[in-house]
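Here is a short note to keep beside you while you look around this model for the first time. Have the sequence and the 3D view open, and take the points one by one.

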Amino acid sequence: MPKEVLSAIGAGLASAVAAIAFLSGTFMALGFVYLAPLPMLMAGLAYGPRTAGISALVGIIALGVFGGPVMAGTFAVIHGLPVWVIVKLALTQRLGRTGASGQAAVNWMPPGEIVSAMVLFTAVAVVTAAFAVEDNELSGFVAEHLGQVLGQMAPGLSATDRGRTAQAMTPLFPGALATIWVAMAAVNTVIAQGCLVRIGRSQRPSPSYVGLELPGWTSWPLVSAAALALVGLGEWEYMGRNLTMVLALPYFFLGLAVFHTLARQVTATKPVLVVFYLVIVISVWAALVVAGIGIVEQWFGLRNRIASAMAGNGQTDE
């Protein structure tokens, strides 16, 4: 059997096991759930979209045998299909301008376009879910099922406390869940690419994440979702609010790139970045500020202004 197929089978089984690690009931198993796409991403980025598709299919079949069609379908939507799409986009090549040698340069799809495509894919999934639920009331559906999940995870909570907790989580739960999913998919992709580069099995060079750029069209979905959140009523306002959270994620990554650019201008770059990420983990408001910085960067080009200012002061970014 070809090595590519063996790698795909092993990756699919490993991802399937990681995806259901939470069934063990241990807290540490949650980390494996977050890393579930990693084996399939490594196999796909090493061998191509075909391998990613095979590994996804293996994972779907394994979970179908173990847990039935619902578990298999969930794995396909949450992990299988997105991994194939990410690998397909990441390994897409475009021919650039012809150089002095007479050969056209090969340009790989930049990470900004990949993460923007995944965010748009997730936003469409949220809208689809909103129209798929009974009576088109996504907020009611989320509140009801959150109460049931809290009852299973924390049986010691009283019905009143479960209701209050579910009510507090409901307003932003779909958007937060979708945002975390896209963020973890991006983190797993970066980890997979980094590991493959280290072992010499990567098909494409690692991109410059500090030089992240977003396609121009990303502003329109975000502005539309924000407008819906501001002027919409009822479920439309609920959908707009959650879509705004999801569609703002690329700008959060762009804001991180701006801060990394600034951190390079000081001698204690690593300590500054450690403190910065700790603040983001602790404070949601800090993450919102970073996303706001990303929006400003997209519209006004903060990094270019920083570079110009540093050049004017006789400093260079090494």
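1. Helices here are DSSP runs (H or I, at least four residues), numbered from the N terminus. The biggest contribution to the patch is that of α9, with 3 residues. Please keep in mind that this is a predicted model: local features need pLDDT of at least 70, side-chain atom pairs count only at pLDDT 80 or more, and totals for chains, interfaces and linings use all residues. Residues are numbered from 1 along each chain as its sequence is written, and side-chain values use heavy atoms, with hydrogens and water left out.

2. Which residues form the nonpolar patch? They are Leu30, Tyr34, Leu35, Ile180, Val187 and Ile191, with about 470 Å² of accessible area together. A patch takes residues with over 30% relative accessible area and no salt bridge, and joins nonpolar side chains (Val, Leu, Ile, Met, Phe, Trp, Tyr) within 5 Å, or like charges within 9 Å. The areas come from the Shrake-Rupley method with a 1.4 Å probe, and for residues only the protein chains shown count as cover.

3. Tyrosine 34 counts as partly exposed because its relative accessibility is 38%; buried means under 20%, exposed over 50%, and partly exposed in between (1.4 Å probe, protein chains only).

4. Next, the largest pocket, which holds about 2200 Å³ of space. Its lining has 45 residues, and Thr74, Ile78, Phe173, Leu177 and Trp181 lie nearest its centre. Two or more lining residues come from each of α2, α5 (69–90), α6 (111–132), α7 (138–153) and α9. A pocket is an open set of points on a 1 Å grid over the protein atoms alone, where a 1.4 Å probe fits, with protein on both sides within 12 Å along at least five of seven lines; lining residues have an atom within 4 Å of a point. Volume is the space filled by probe spheres set on the points, which are joined across faces, edges and corners.

5. What is the lining of the largest pocket made of? It divides into 39 nonpolar, 6 polar and no charged residues. For this count, Ala, Val, Leu, Ile, Met, Phe, Trp, Tyr, Cys and Pro are nonpolar, Asp, Glu, Lys and Arg are charged, and the others, Gly among them, are polar.

6. The second largest pocket has a volume of about 1700 Å³. Of its 48 lining residues, Ala183, Leu249, Phe252, Phe253 and Leu256 are the closest to its centre. Helix α9 brings the largest share of this lining, 12 residues. The lining of the second largest pocket has 39 nonpolar, 8 polar and 1 charged residues.

7. Finally, the whole structure has 3 salt bridges, each a side-chain nitrogen of Lys or Arg within 4 Å of a carboxyl oxygen of Asp or Glu. Glutamate 4 pairs with arginine 50, with the closest N and O atoms 3.1 Å apart. This pair links helix α1 (residues 3–19) to helix α4 (residues 49–67), across 46 residues. Arginine 241 and glutamate 237 meet at 2.5 Å; they are separated by about one helical turn because they are 4 residues apart in helix α11. Arginine 303 and glutamate 297 form another salt bridge, at 3.0 Å. Arginine 303 is buried, at 12% relative accessible area, and glutamate 297 is buried too, at 9%.
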